[in-house]
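Colleague: I have a model open and want to learn how to read it. Could you take me through some features one by one?

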Amino acid sequence: MQTTTTRRATKITSLLLAIVMLLSTFGGLNLTAFASQGYLVDKVTCRVTWDEAYEYKMSDAAYLEGTGRYKAYLIRFSSPDAAFDFSVFPIDTGKSNISGVTSYDYYLETDQTERISISASDFNEEPIRVTMEIYDITGTPKKSAVKKLSAKKKQMKIKMKKVAGVTGYQIQYSRNSKFKNAKKITVKGAKNTSKTIKKLKRHTKYYVRVRTYKSAGGRKYISEWSKAKIVKTK
(Lines give C-alpha, C1' and ligand atoms only; values in the text may rest on other atoms or scores of the structure.)
Protein backbone atom coordinates (compact mmCIF):
# COMPACT_ATOMS: atom_id res chain seq x y z
CA MET A 1 0.00 0.00 0.00
CA GLN A 2 1.34 3.43 -0.94
CA THR A 3 2.02 5.99 1.77
CA THR A 4 0.74 9.56 1.52
CA THR A 5 4.29 10.78 0.78
CA THR A 6 4.76 8.22 -2.01
CA ARG A 7 1.40 9.05 -3.57
CA ARG A 8 2.13 12.78 -3.45
CA ALA A 9 5.56 12.25 -5.09
CA THR A 10 3.92 10.14 -7.80
CA LYS A 11 1.38 12.89 -8.49
CA ILE A 12 4.13 15.55 -8.72
CA THR A 13 6.04 13.38 -11.20
CA SER A 14 2.88 12.80 -13.21
CA LEU A 15 2.24 16.56 -13.31
CA LEU A 16 5.71 17.29 -14.69
CA LEU A 17 5.36 14.59 -17.31
CA ALA A 18 1.90 15.86 -18.20
CA ILE A 19 3.20 19.41 -18.78
CA VAL A 20 5.93 18.12 -21.11
CA MET A 21 3.48 15.94 -23.03
CA LEU A 22 0.95 18.77 -23.24
CA LEU A 23 3.47 21.17 -24.76
CA SER A 24 4.87 18.62 -27.20
CA THR A 25 1.51 17.17 -28.22
CA PHE A 26 -0.68 20.24 -28.61
CA GLY A 27 1.97 22.89 -29.20
CA GLY A 28 -0.15 25.56 -27.55
CA LEU A 29 -3.25 24.72 -29.60
CA ASN A 30 -6.34 26.40 -28.17
CA LEU A 31 -9.48 24.35 -28.72
CA THR A 32 -11.85 26.82 -27.08
CA ALA A 33 -13.29 28.05 -30.37
CA PHE A 34 -14.33 24.58 -31.40
CA ALA A 35 -16.91 24.28 -28.65
CA SER A 36 -19.06 26.79 -30.51
CA GLN A 37 -18.55 24.87 -33.75
CA GLY A 38 -19.61 21.52 -32.29
CA TYR A 39 -22.54 20.67 -30.09
CA LEU A 40 -22.82 19.60 -26.47
CA VAL A 41 -23.66 15.90 -26.21
CA ASP A 42 -23.19 15.34 -22.49
CA LYS A 43 -22.50 17.27 -19.29
CA VAL A 44 -21.64 15.68 -15.93
CA THR A 45 -20.78 17.27 -12.60
CA CYS A 46 -19.26 14.92 -10.04
CA ARG A 47 -17.86 15.23 -6.49
CA VAL A 48 -14.50 13.62 -5.82
CA THR A 49 -11.82 13.41 -3.11
CA TRP A 50 -8.18 12.27 -3.00
CA ASP A 51 -9.25 8.65 -2.40
CA GLU A 52 -12.69 8.54 -4.00
CA ALA A 53 -12.55 8.91 -7.77
CA TYR A 54 -15.39 9.26 -10.24
CA GLU A 55 -15.42 7.10 -13.35
CA TYR A 56 -17.21 8.10 -16.54
CA LYS A 57 -17.69 5.11 -18.84
CA MET A 58 -17.38 6.27 -22.43
CA SER A 59 -18.56 2.94 -23.80
CA ASP A 60 -21.95 3.54 -22.17
CA ALA A 61 -22.46 6.81 -24.05
CA ALA A 62 -24.94 6.39 -26.89
CA TYR A 63 -23.29 9.10 -29.00
CA LEU A 64 -20.20 6.87 -29.45
CA GLU A 65 -22.07 3.96 -30.99
CA GLY A 66 -21.05 3.28 -34.58
CA THR A 67 -19.00 6.45 -34.90
CA GLY A 68 -15.86 4.92 -36.40
CA ARG A 69 -12.33 5.97 -35.58
CA TYR A 70 -12.54 9.48 -37.00
CA LYS A 71 -15.24 10.78 -34.67
CA ALA A 72 -13.83 13.80 -32.84
CA TYR A 73 -14.70 15.17 -29.40
CA LEU A 74 -13.62 18.03 -27.21
CA ILE A 75 -13.91 17.08 -23.52
CA ARG A 76 -13.78 20.19 -21.35
CA PHE A 77 -12.94 19.69 -17.66
CA SER A 78 -13.35 22.42 -15.03
CA SER A 79 -13.55 22.78 -11.25
CA PRO A 80 -14.52 25.90 -9.24
CA ASP A 81 -13.18 24.36 -6.01
CA ALA A 82 -9.65 22.93 -6.29
CA ALA A 83 -7.14 21.16 -8.53
CA PHE A 84 -7.98 17.71 -9.83
CA ASP A 85 -6.36 14.82 -11.72
CA PHE A 86 -7.80 12.77 -14.53
CA SER A 87 -6.78 9.67 -16.43
CA VAL A 88 -8.16 8.21 -19.63
CA PHE A 89 -8.16 4.43 -20.07
CA PRO A 90 -6.72 2.64 -21.88
CA ILE A 91 -3.64 4.83 -21.49
CA ASP A 92 -2.92 6.74 -24.70
CA THR A 93 0.87 7.16 -25.10
CA GLY A 94 1.18 9.41 -22.05
CA LYS A 95 -1.30 12.06 -23.23
CA SER A 96 -4.11 10.93 -21.01
CA ASN A 97 -2.75 11.40 -17.46
CA ILE A 98 -3.13 15.02 -16.35
CA SER A 99 -2.56 16.21 -12.78
CA GLY A 100 -3.04 19.40 -10.78
CA VAL A 101 -5.33 21.40 -13.09
CA THR A 102 -8.54 23.36 -12.46
CA SER A 103 -9.52 23.39 -16.14
CA TYR A 104 -8.38 21.46 -19.17
CA ASP A 105 -9.46 20.71 -22.76
CA TYR A 106 -8.87 17.10 -23.81
CA TYR A 107 -9.14 16.28 -27.52
CA LEU A 108 -10.35 12.76 -28.40
CA GLU A 109 -10.30 11.74 -32.05
CA THR A 110 -11.34 8.08 -31.79
CA ASP A 111 -13.79 6.00 -29.81
CA GLN A 112 -11.05 3.88 -28.24
CA THR A 113 -11.31 5.50 -24.79
CA GLU A 114 -13.29 3.25 -22.46
CA ARG A 115 -13.50 5.37 -19.33
CA ILE A 116 -12.29 8.53 -17.61
CA SER A 117 -11.26 8.60 -13.95
CA ILE A 118 -11.30 11.89 -11.97
CA SER A 119 -9.99 12.56 -8.44
CA ALA A 120 -8.84 15.50 -6.29
CA SER A 121 -5.16 16.38 -6.60
CA ASP A 122 -4.66 17.06 -2.90
CA PHE A 123 -6.19 15.80 0.30
CA ASN A 124 -9.43 17.61 1.05
CA GLU A 125 -11.88 17.00 3.85
CA GLU A 126 -14.74 18.10 1.62
CA PRO A 127 -15.32 16.69 -1.87
CA ILE A 128 -14.55 19.00 -4.80
CA ARG A 129 -16.78 19.52 -7.83
CA VAL A 130 -15.53 18.68 -11.31
CA THR A 131 -17.60 19.26 -14.44
CA MET A 132 -17.15 17.47 -17.77
CA GLU A 133 -18.64 18.96 -20.95
CA ILE A 134 -18.36 16.76 -24.03
CA TYR A 135 -18.68 18.41 -27.44
CA ASP A 136 -18.95 16.61 -30.76
CA ILE A 137 -16.66 18.54 -33.13
CA THR A 138 -16.69 16.01 -35.96
CA GLY A 139 -17.03 17.12 -39.54
CA THR A 140 -15.82 19.76 -41.91
CA PRO A 141 -16.11 23.52 -41.42
CA LYS A 142 -18.61 25.63 -43.34
CA LYS A 143 -17.91 26.59 -46.95
CA SER A 144 -16.71 30.02 -47.97
CA ALA A 145 -17.20 31.74 -51.34
CA VAL A 146 -15.42 34.15 -53.66
CA LYS A 147 -17.25 37.42 -53.00
CA LYS A 148 -15.30 39.60 -55.41
CA LEU A 149 -12.49 39.31 -57.94
CA SER A 150 -10.70 42.37 -59.25
CA ALA A 151 -7.87 42.51 -61.79
CA LYS A 152 -4.76 44.66 -62.06
CA LYS A 153 -1.62 44.49 -64.16
CA LYS A 154 -0.26 40.95 -63.57
CA GLN A 155 -2.30 40.78 -60.35
CA MET A 156 -5.69 39.82 -58.99
CA LYS A 157 -7.34 40.58 -55.67
CA ILE A 158 -9.66 38.05 -54.07
CA LYS A 159 -12.25 38.81 -51.40
CA MET A 160 -13.72 35.80 -49.62
CA LYS A 161 -16.84 35.23 -47.56
CA LYS A 162 -15.92 35.27 -43.86
CA VAL A 163 -16.53 32.05 -41.91
CA ALA A 164 -16.30 32.32 -38.11
CA GLY A 165 -14.37 29.72 -36.13
CA VAL A 166 -12.15 28.38 -38.92
CA THR A 167 -8.35 28.32 -38.82
CA GLY A 168 -8.03 29.86 -42.27
CA TYR A 169 -8.71 29.67 -46.00
CA GLN A 170 -7.16 28.02 -49.05
CA ILE A 171 -7.26 29.71 -52.44
CA GLN A 172 -6.78 27.72 -55.62
CA TYR A 173 -6.31 29.31 -59.04
CA SER A 174 -5.62 28.00 -62.52
CA ARG A 175 -5.82 28.92 -66.21
CA ASN A 176 -7.75 25.69 -66.69
CA SER A 177 -11.44 25.38 -65.81
CA LYS A 178 -10.83 21.89 -64.39
CA PHE A 179 -8.00 23.29 -62.25
CA LYS A 180 -5.23 21.24 -63.84
CA ASN A 181 -1.77 22.43 -62.77
CA ALA A 182 -3.48 24.71 -60.25
CA LYS A 183 -1.64 26.68 -57.59
CA LYS A 184 -2.80 26.89 -53.98
CA ILE A 185 -2.30 29.60 -51.38
CA THR A 186 -3.10 29.32 -47.66
CA VAL A 187 -4.40 32.34 -45.76
CA LYS A 188 -4.31 31.94 -41.96
CA GLY A 189 -6.96 33.48 -39.74
CA ALA A 190 -10.75 33.57 -40.04
CA LYS A 191 -10.72 37.38 -40.31
CA ASN A 192 -8.20 37.53 -43.16
CA THR A 193 -10.63 37.42 -46.08
CA SER A 194 -8.68 39.39 -48.67
CA LYS A 195 -5.64 38.31 -50.68
CA THR A 196 -3.69 39.83 -53.59
CA ILE A 197 -1.84 37.42 -55.88
CA LYS A 198 1.01 38.87 -57.92
CA LYS A 199 3.37 37.81 -60.72
CA LEU A 200 0.61 36.52 -62.96
CA LYS A 201 0.53 36.56 -66.76
CA ARG A 202 -0.90 39.63 -68.46
CA HIS A 203 -4.25 39.52 -70.27
CA THR A 204 -4.87 36.00 -69.01
CA LYS A 205 -8.06 34.40 -67.74
CA TYR A 206 -7.87 32.71 -64.30
CA TYR A 207 -10.35 30.44 -62.55
CA VAL A 208 -10.47 30.94 -58.77
CA ARG A 209 -12.11 29.02 -55.92
CA VAL A 210 -11.71 28.92 -52.15
CA ARG A 211 -12.30 26.59 -49.21
CA THR A 212 -11.94 26.77 -45.42
CA TYR A 213 -9.94 24.60 -43.05
CA LYS A 214 -9.96 23.95 -39.32
CA SER A 215 -7.04 22.46 -37.37
CA ALA A 216 -7.47 20.45 -34.18
CA GLY A 217 -5.33 17.86 -32.42
CA GLY A 218 -2.90 17.52 -35.30
CA ARG A 219 -5.67 16.89 -37.87
CA LYS A 220 -6.86 19.34 -40.52
CA TYR A 221 -10.56 19.45 -41.43
CA ILE A 222 -11.25 20.92 -44.89
CA SER A 223 -14.51 22.15 -46.44
CA GLU A 224 -15.67 21.63 -50.00
CA TRP A 225 -14.45 24.03 -52.66
CA SER A 226 -16.63 27.00 -53.50
CA LYS A 227 -17.97 27.65 -56.96
CA ALA A 228 -15.25 28.95 -59.25
CA LYS A 229 -15.22 32.51 -60.53
CA ILE A 230 -13.30 33.96 -63.45
CA VAL A 231 -11.08 37.02 -63.70
CA LYS A 232 -8.83 38.34 -66.50
CA THR A 233 -5.64 40.15 -65.62
CA LYS A 234 -4.70 43.48 -67.19
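Colleague: Which ring does the charged end of Arg115 sit over?

Modeller: A charge sits over a ring if NZ of Lys or CZ of Arg is within 6 Å of the ring centre and within 35 degrees of the ring normal. Here the charged end of Arg115 sits over the ring of Phe89, 4.6 Å from its centre. Arg209 has its charged end over the ring of Phe179, 3.9 Å from the centre.

Colleague: What should I know about the model itself?

Modeller: The model is predicted: local features need pLDDT of at least 70, side-chain atom pairs count only at pLDDT 80 or more, and totals for chains, interfaces and linings use all residues. Residues are numbered from 1 along each chain as its sequence is written, and side-chain values use heavy atoms, with hydrogens and water left out.

Colleague: How do I read two rings together?

Modeller: A pair of aromatic rings is described by the distance of the centres and the angle of the planes. Rings of Phe, Tyr and Trp (its six-membered ring) pair if their centres lie within 6.5 Å; planes under 30 degrees apart count as stacked, over 60 as edge-to-face and the rest as tilted. The count here comes to five aromatic pairs. Phe77 and Phe84 have ring centres 6.3 Å apart and planes at 40°, so that pair is tilted. Phe77 and Phe86 are stacked, at 4.2 Å centre to centre with 15° between the planes. Ring pairs link Phe77, Phe84, Phe86, Tyr104 and Tyr106 into a cluster.

Colleague: Is Phe77 buried or exposed?

Modeller: Buried means under 20% relative accessible area, exposed over 50%, partly exposed in between (1.4 Å probe, protein chains only). Phe77 has a relative accessible area of 1%, so Phe77 is buried. Phe86 is also at 1% and counts as buried.

Colleague: Which residues have the most contacts inside the largest nonpolar core?

Modeller: A nonpolar core is a set of buried Ala, Val, Leu, Ile, Met, Phe, Trp, Tyr and Cys residues joined through side-chain atoms within 4.5 Å. The largest one has 22 residues, and Phe77, Phe86, Ile116 and Ile118 have the most contacts inside it. Strands (E, at least two residues) and helices (H or I, at least four) are DSSP runs, numbered from the N terminus. Among the elements giving two or more residues to this core are E3 (73-78), E4 (84-89) and E8 (128-136). E8 gives the most, with four residues. A second, separate core of 19 residues includes Met156, Met160, Ile197 and Val210.

Colleague: How do strands pair?

Modeller: Strands of a sheet pair through backbone hydrogen bonds, either parallel or antiparallel. Two strands count as paired if DSSP finds at least two bridges between them. E3 pairs with E6 in the antiparallel sense over six bridges. E3 also pairs with E8, antiparallel, over six bridges. Ser78 has Ser103 as its bridge partner in E6 and stands opposite Thr131 in E8. Five of the six residues of E3 are buried.

Colleague: What order do the strands of the open three-stranded sheet have?

Modeller: The order is E9-E10-E13, with antiparallel pairing. E9 and E13 (194-197) are the edge strands, each pairing on one side only.

Colleague: And what is Ala151 in contact with?

Modeller: Contact means heavy atoms within 4.5 Å. Ala151 lies in E9 (146-152). Leaving aside neighbours within four places in sequence, Ala151 is in contact with Met156, Val231, Lys232, Thr233 and Lys234. Ala151 and Lys232 are 81 residues apart in sequence and 6.4 Å apart in space, C-alpha to C-alpha.
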